[in-house]
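Thanks for coming. I will talk about charged side chains and how they pair. Please have a look at the structure first.

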Amino acid sequence: MKNWIIAILVLFAIDGQSQEQRLPQTDVIDAIATNSPEGLAQEQLDAYNVGDIDAFLVPYADSVEIYAFPDRLISKGKEAMRETYGQMFSQLPELHCRLDNRIVMGDTVIDHEYITGIPNQEPFSAIAIYKIAEDKIQQVYFIQ
């Protein structure tokens, strides 16, 4: 269970940076308004960083699949994510993911993230790959 939670944390990396040090808010709002792949990835990241489980799940498909790269299925379905991430958000209030780099190519978004706020664990980098279809995140692949 611990390894699974760490894998999830890697995907949605965290850091204690202030809001002013993140991507410009107007760009995020424009991207979200169009339900673009980048907008969906940013929407879930913003909700992750404030620990809002309901807002976090909005950009995901009901049948979303979460993988440890390349193909180990970790979780399937939005309700499974609600249980896991909801517990994580309540138990790790300092959890934060800083976006260090983002690549968008078609319906794929690749985020290089830096995660902090996990007790007794050094901050770490991770890569999250979001596959978007039908205006929702359908698959996520985490690399640590």
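I will call a residue buried when its relative accessible area is under 20%, exposed when it is over 50%, and partly exposed in between, using a 1.4 Å probe and protein chains only. This is a predicted model, so local features need pLDDT of at least 70 and side-chain atom pairs count only at pLDDT 80 or more, while totals for chains, interfaces and linings use all residues. Residues are numbered from 1 along each chain as its sequence is written, and side-chain values use heavy atoms, with hydrogens and water left out.

A salt bridge here is a side-chain nitrogen of Lys or Arg within 4 Å of a carboxyl oxygen of Asp or Glu. That rule gives 6 salt bridges.

Take Lys 76 and Glu 65, whose side chains form a salt bridge at 2.9 Å, N to O. This pair links distant parts of the chain, with Lys 76 in strand S2 (residues 72-76) and Glu 65 in strand S1 (residues 60-68). Strands are DSSP runs of E, at least two residues, and helices are runs of H or I, at least four, numbered from the N terminus. Lys 76 is partly exposed at 48%, whereas Glu 65 is buried at 16%.

Next, Glu 79 and Arg 82 form a salt bridge at 3.5 Å, N to O. Both lie in helix H5 (residues 78-91), 3 residues apart, about one turn of the helix. Glu 79 is exposed at 53%, and Arg 82 is partly exposed at 30%. Salt bridges with shared partners join Asp 54, Glu 79 and Arg 82 into one network.

Finally, Asp 111 and Arg 102 meet at 2.7 Å, N to O, and both are buried.
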